[in-house]
Amino acid sequence: MAEVVQHQEEQIEVVVDCILVNYRGGDSESRGGRIVHAILEWAEEHPDEWNELQERCQQRHEVLA
């Protein structure tokens, strides 16, 4: 099970690296725009996980404020 989690984390790191660091797309979309677009696509496909993520982020924001 730990190997599966490690593999998933590595896959996520590759995607994040692609979006944030090594993006070689032909358009002039900003890094922030790419991030927002990728998150919105994921959120549409995974509404339950999106809601959980939003709740966790809101709680963290309130704690840090």
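Modeller: In this predicted model, the chain exposes about 5,800 Å², and carbon and sulfur atoms supply 55% of that area.

Biologist: What percentage of the residues count as buried?

Modeller: Of the 65 residues of the chain, 5% count as buried.

Biologist: How many helices and how many strands does the secondary structure of the chain come to?

Modeller: The chain has three helices and zero strands, and, followed along the sequence, its elements give the pattern α-α-α.

Biologist: Which residues gather in a patch of negative charge on the surface?

Modeller: The patch brings together Glu9, Glu10, Glu13 and Asp17. One of these residues, Glu13, belongs to helix H1, which covers residues 2–20.

Biologist: Why does Glu13 count as exposed?

Modeller: Glu13 has a relative accessibility of 55%, and because exposed means over 50%, Glu13 falls into that class.

Biologist: By what two quantities is a pair of aromatic rings described?

Modeller: In general, such a pair is described by the distance of the centres and the angle of the planes. In this structure the count comes to one aromatic pair, formed by Trp42 and Trp50, with 6.4 Å from centre to centre and 75° between the planes. Because planes over 60 degrees apart count as edge-to-face, the pair of Trp42 and Trp50 is edge-to-face.

Biologist: How large is the relative accessible area of Trp42, and how large is that of Trp50?

Modeller: Trp42 has a relative accessible area of 34% and is partly exposed, while Trp50, with 23%, is partly exposed as well.

Terms used: Residues are numbered from 1 along each chain as its sequence is written. This is a predicted model: local features need pLDDT of at least 70, side-chain atom pairs count only at pLDDT 80 or more; totals for chains, interfaces and linings use all residues. Side-chain values use heavy atoms; hydrogens and water are left out. Patches are made of residues with over 30% relative accessible area and no salt bridge: like charges are joined within 9 Å, nonpolar side chains (Val, Leu, Ile, Met, Phe, Trp, Tyr) within 5 Å. Accessible areas come from the Shrake-Rupley method with a 1.4 Å probe; for residues, only the protein chains shown count as cover. A salt bridge is a side-chain nitrogen of Lys or Arg within 4 Å of a carboxyl oxygen of Asp or Glu. Lys and Arg count as positive and Asp and Glu as negative; His and the chain ends are not counted. The place of a charge is taken as NZ of Lys, CZ of Arg, CG of Asp or CD of Glu. Helices (H or I, at least four residues) and strands (E, at least two) are DSSP runs, numbered from the N terminus. Buried means under 20% relative accessible area, exposed over 50%, partly exposed in between (1.4 Å probe, protein chains only). Rings of Phe, Tyr and Trp (its six-membered ring) pair if their centres lie within 6.5 Å; planes under 30 degrees apart count as stacked, over 60 as edge-to-face and the rest as tilted.
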